[in-house]
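Subject: Handover of a structure

Dear colleague,

Please find below the structure that I am passing on to you. My notes on it follow directly after it.

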Amino acid sequence: MSAAGTPAAGESGAFAGIVRRSLSAGPAAALAGAIVLAAVLSFTTHSFASLENIEVVAKATAVTIVVGLAQMVVIGAGGMNLAVGATGGIVSVVCGSLMNSFGIAPVIAVIAGLAAGTFSGAVIGAVIVRGGFSPFIVTLAGGSILTGIALGITQSIPYYHLPDDFQVLGVADLFGIPVIFWIGILLAIVLAIVFRYVSFGRQILAFGANPRAAELNGIPIGRLTVSVYALSGFLAASAAVLLIARLGDADPVIGKDWLLVSFAAPIIGGTRLAGGQVSVLGTVLGALLLGILANGLVHWNVDVFFVQLISGLIILAAGGIETIREMSSAAAQRRQRRRA
Amino acid sequence: MTAITDNAASPGSGPGKERGADSRGGLRRAVVGSEVIGILAPVVLVAAAMTILFPGFASPFNVDALLATIAVTSLVGLAQLAVLAVGQFNLALPAMGAFTGMVLGWMLQIGGVNWLPAVAIALAFSLALGVAQGFLIVVVRLNSFIVTLGLASAYYGLMYVVLGNERYQKIGAALPLIGRGAVGVFPNIFLISMVVCAAVWVFVGLTVPGRRLLATGANPLAARFSALPVKRTTIGAHALSGALAGAAAILVVGRLAVGSPAIGQDWLLSSFAAPVLGGTLLSGGKISVLGTVLGAALLAMIANALVIVGVNQYWYQAGLGLIILGAVGLDQLRLRLLTSGRL
């Protein structure tokens, strides 16, 4: 399910090749990590391998998958979105207020929430394109604006106890697996198809790999950028809907912890930070690894403060993997050039 | 005031070239100089409007609070400016401030350290936090964005793990000089902050390491080919960033007589807003120390005015985002006018 905008560098020397292959195979590494961690947890704790707990992990992972995908699509295009959490917050407020304050049907409220998230993303993308600004500063400022609005409207008070016929989304199972997990997987499959077979997805990767070349090849980069940030906003909104369905309350700062995992999941899974190469499967497995780890830390009774430290170290480690990957692929390219 | 333009190495020009200013250089300097005027004007305007409309604004109590906020925000802005100069960001600034403030609080309340060595140790500590960050970026060669994102979380985590979720409130008058004193209308922390700002201004504008900072940011490749110590300079920028964040935290601890994890929690946005308002380029290579201080003054006055008018702080957060976007927008416009040669 991984897709690259640039052809992978050719075969390489023995040891370096093994290192490079195992690390650039982000999905496999993430899967191996997840399996090892799950096995260790099953043996060291009584409660991890229980059916209820696996359901808890699946539900938490579903949200992390979608949050990771929201970041992955913009990374693929060579950008970043610091406003994923803030977008989730504003969507939470839109859904919560429509259902609780205005008594609007959950289906309509969810559609409105998804539209609000998509629109926020499109506006952010448009500001980046029209202003020629760096995605960093626009999404930093945009996130602040969205969070300010979400907090200003609600005075920082969540919408408690959303309607039961909405909460059913967070409780229901399908074939013994939580519905919200299915939704996360469904979104991932659609994205994987888009990045592999649809011209929109291919254009995102081409643009991320080399913006200038993409423009010279006639790709409408302005419209593409707006679409990518709109897609990111839509995914952030989907994550927010899944999370408020699971929690039963709509908090205006629902996404305040999303930033780290949004980068960690894709990078662990083999998405290239500089753009041009993404792995949907890797992001899903990276999110699974993070979900199991977060759950495992609870079962090991690790202090919540340690969790914050460990989260920081994980993203640094992911950055380290990325550096090794980049260096070995650069070395491989040099070798190939010499041979040519 | 025109001397501040010496801090501007025009983007794209290699080191050394900036000395040979031709006739266009004079014009350019005038435009760059107007960036300081561009930020000074709204500062004066807001101050005048508030003084006329709200008598409470110019009261000694409010002026004291305002100057204290300007003192802290200026240093926070300069802490971000130090890394912006080399074309990088520091998302771990709030965590560095909180950690330093907590360490200082611990030393004063639990450790029984005298205030002067405690302040010195706190400064050295924050410097070390910055050096570690620069080390990971330059030597370990991790992506700079990922490093500061990760350290933002790791430093908070480490702080909580080592010191717990404490509030060191029994500091008392341990920081008498920094804490409550004032010279005339100027609170001590404002004067200390301005001395530090002046030192940074001299460092960036007049010393060789300071000039290297700008040369590295303007064009890292050209700097490397000119045999400038790019790696050492980048680590130095992060060290300076950490030390300035630490200095800001020390002022906060002195002012509030409390060391708590909440120090720095609202720094991140203003750390970008203050330099950007003052005409600093996010891409590196052009910074304005005086502009940053004036930017901090404008931010502090807007926040203060909103409190007086009775606007909710949440809307200030939304406004801050708009201010940043507006400031980078103006910058971009200015740059476009400059490069299109229509000036």
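For what follows, two residues are in contact if their C-beta atoms, placed from the backbone, lie within 7 Å. Please note also that this is a predicted model.

Chains A and B

By that criterion, 34 residues of chain A are in contact with 32 residues of chain B. On the side of chain A that touches chain B, the elements giving two or more residues are α5 (106-131), α6 (135-154), α12 (258-268) and α14 (304-339) of chain A. The residues on this side of chain A comprise 19 nonpolar, 14 polar and one charged. For the complex, the predictor reports a pTM of 0.86 and an ipTM of 0.83.

One of the contributing helices, α6(A)

Helix α6(A) is among the elements named above, and 17 of its 20 residues are buried, which leaves the helix mostly covered. Its end C-alpha atoms lie 28 Å apart; this agrees with the 28 Å that its 20 residues should span at 1.5 Å a residue. Gln155(A), which comes just after α6(A), adopts a positive phi of about 50 degrees.

Chain B

Turning to the other chain, the model gives chain B twelve helices and two strands. Along the sequence, their order is α-α-α-α-α-β-β-α-α-α-α-α-α-α. Chain B has 343 residues, of which 52% count as buried. Of the contacts in chain B between residues at least 6 apart in sequence, 81% join residues at least 24 apart.

Helix α5 of chain B covers residues 144-163. From its first C-alpha to its last, this helix of 20 residues reaches 27 Å, close to the 28 Å expected at 1.5 Å a residue. Because 16 of the 20 residues of α5(B) are buried, the helix is largely enclosed by the rest of the structure. Gly164(B) follows α5(B) and has a positive phi, near 75 degrees.

Confidence in chain B

The mean pLDDT of chain B is 83, with 87% of its residues at 70 or more. Where does pLDDT stay under 50 in chain B? This is the case over residues 1-22, for which the model has 40 contacts beyond four places in sequence.

With kind regards

Note on methods
Residues are numbered from 1 along each chain as its sequence is written. Chains are lettered from A and ligands numbered from 1 in the order in which they are written. This is a predicted model: local features need pLDDT of at least 70, side-chain atom pairs count only at pLDDT 80 or more; totals for chains, interfaces and linings use all residues. pLDDT is the predictor's confidence in each residue, from 0 to 100. Helices (H or I, at least four residues) and strands (E, at least two) are DSSP runs, numbered from the N terminus. Ala, Val, Leu, Ile, Met, Phe, Trp, Tyr, Cys and Pro count as nonpolar, Asp, Glu, Lys and Arg as charged, and the others, Gly among them, as polar. The expected span of a helix is 1.5 Å times one less than its number of residues. A residue is buried if 20 or more other C-beta atoms lie within 10 Å of its own, exposed if 12 or fewer, and partly exposed in between; C-beta atoms are placed from the backbone.
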